[in-house]
Amino acid sequence: MSDNIPIELQEEIMKRLPVKSLIQFRSVSKSWKSLIDSSHFIADYSGGQPQLQLQEQHLFVRYQNKVGINDERKYDSIVDDDSFPHRRVSFTLPRCVKMLIDSENVGSSHGLMCLYSHYFEVFGVRRDVAVVWNVLIRKAVAVAVPNAVADVSSSMYSTALGFGVCPETFDPKIVKINYVNPYRWDGDIESITSIPHQVEVFTLSTGAWRSPYGGSSSNLPRKSVRFLDFYSIVIDGVLYSVATDMIKTDAGTESSNLIVSFDLTSEEFEEIYLPPRLEDYQGEYSLSVSKLWESLVVLERNEAGDATIVWMMDDDDDDDGGGGVPVRSFTKLFAINTPHASIIAVHAFRKSGESIVVSLDNDCESFDDDISLVLYEPFTKRITNLGIKGTEHVPTFMRYYMETLLLLDQPNDIIYDKGEKRRLEAYMQRT
């Protein structure tokens, strides 16, 4: 760009460029580096409509590949365009990601991904850790997770995490929820006075955990609500997760499914009722949530495992009749059917509506043989193998992410612990 072009116009042009080009431009001049590294440019680039419409969408995939007698863990990024899935690259992991032991994918938001697991220190002490990761610019920061329940088999509590970026401040947030383990508690769950450290929120801007805004017990999930897993979805600044309401009766424990949402700006929880069919679903496979056409969908897998029904939540709220819980309508869109194969999971949807499915060939001898990624087209029912195979020793997961500069200003190999920023080496060596 010419020096005769006003810096304001240069900035507007840069906002429409891909992240890879911006990273290269930081080496061209000090003024461009200062501009691109500035907090206002990073926020504008991550949230502005013109660049969001121009950005390519990427699919992150982790799977376990069989190489001879050994398993090799693979991490690929696939550009979702007309060439899908051929623009596919593998990449190396940041150190704080590589050190995680069998990590769970907590979620993705504004181009960032969050993984959760633990580190083992040299003294054998387990440390629960979440990692926020910008895959595209290879930046990641670790976050020590306090007051998490590691051994659910012996504790009356369990821990679930959610992740999202606040749409107003572009501040990455991790929400940690401790909830009652109904299988370790024989009495009335609601009789429990309080759950220790029930909800805590980490914000990257402060580097510390705190109580959610308001701090009132009325803004916390009910004690009888159990969160099923770490899989959650962010849509329009709201985090959604499937949960189960566990109620003790004379006949035992009864359960009903629901959706729990968490507003990433106000930090308020909300419960959303499901249709009776989904509310009462007690199948072998739990319900899950995903995103299709920027709307929330609930996935219901049948008992045979060869079909998944896709239900979409409508945007309009209905009057709940005074009960305090909004009633949302859900529409059955279509069913994903995979003849001669079992559906392990439906992890993502393309903009076209095609489903990306992890499937297992019914003729295979073990999970080590034929775990495959396939593309399911709901209208023609066409199934296309994507050429990615794996084993089920390490669960396959995938998330869509967009291009962002968030975390550009973060140093490498650091961990946020008790409100302080520490070098990873120092954290691992402390007793």
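1. A word on terms to start: helices (H or I, at least four residues) and strands (E, at least two) are DSSP runs, numbered from the N terminus. The model is predicted, with local features needing pLDDT of at least 70 and side-chain atom pairs counting only at pLDDT 80 or more, while totals for chains, interfaces and linings use all residues. Residues are numbered from 1 along each chain as its sequence is written, and side-chain values use heavy atoms, with hydrogens and water left out.

2. Let me begin with backbone geometry. Asp102 sits in the loop between α6 (95-98) and β4 (104-109), and its phi is near 50°, a positive value in a residue other than glycine. With a relative accessible area of 52%, Asp102 is exposed (exposed means over 50% relative accessible area, buried under 20%, and partly exposed in between, with a 1.4 Å probe and protein chains only). The accessible areas themselves come from the Shrake-Rupley method with a 1.4 Å probe, and for residues only the protein chains shown count as cover.

3. Asp413 belongs to the loop between β25 (397-402) and β26 (414-417). Its relative accessible area is 23%, so Asp413 is partly exposed.

4. Which two residues does a cis peptide bond join? They are Phe84 and Pro85, with omega at about 5°. Pro85 is placed in the loop between β2 (70-79) and β3 (88-90).

5. Now the helix packing. Helix α1 (residues 7-14) packs with helix α3 (residues 30-37) at an angle of about 60°, their axes being 11 Å apart. That angle makes α1 oblique to α3. For reference, axes are lines fitted to C-alpha atoms, for helices over the stretch in contact, and angles run from 0 to 180 degrees between N-to-C directions. Under 35 degrees counts as roughly parallel, over 145 as roughly antiparallel, 65 to 115 as roughly perpendicular, and the rest as oblique. The α1 and α3 crossing is right-handed; a crossing gets that label if the near helix is turned clockwise from the far one by less than a right angle, and is left-handed if anticlockwise.

6. On to charges. A salt bridge here is a side-chain nitrogen of Lys or Arg within 4 Å of a carboxyl oxygen of Asp or Glu, and by this rule there are 21 salt bridges. One of them pairs Asp37 with Lys33, the closest N and O atoms being 2.8 Å apart. Asp37 and Lys33 are four residues apart in helix α3, so about one helical turn separates them. Asp37 is partly exposed at a relative accessible area of 23%, and Lys33 is partly exposed at 36%.

7. Arg277 and Glu300 form another salt bridge, with the closest N and O atoms 3.2 Å apart. This pair links distant parts of the chain, with Arg277 in helix α7 (residues 276-279) and Glu300 in strand β18 (residues 295-301), 23 residues apart. Are the two partners buried or exposed? Arg277 is partly exposed, at 44% relative accessibility, whereas Glu300 is buried, at 8%.

8. Arg422 pairs with Glu420, and the closest N and O atoms are 3.5 Å apart. Arg422 has a relative accessible area of 26% and is therefore partly exposed; Glu420, at 44%, also counts as partly exposed. Elsewhere, salt bridges that share partners join Glu11, Glu12, Lys15, Arg16 and Asp44 into one network.

9. Lys139 and Leu407 are 268 residues apart in sequence, yet their C-alpha atoms are 6.3 Å apart in space. Lys139 lies in strand β7 (residues 139-144) and is buried at 15% relative accessibility. For Leu204 and Gln410, the sequence separation is 206 residues and the C-alpha to C-alpha distance 9.9 Å. Leu204 is in the loop between β10 (199-203) and β11 (208-210), and is buried at 11% relative accessibility.

10. Finally, the surface. Trp293, Leu333 and Phe379 make a nonpolar surface patch of about 330 Å². Patches are made of residues with over 30% relative accessible area and no salt bridge, where like charges are joined within 9 Å and nonpolar side chains (Val, Leu, Ile, Met, Phe, Trp, Tyr) within 5 Å. Leu333 is in strand β20 (residues 327-337), and is partly exposed with a relative accessible area of 32%.
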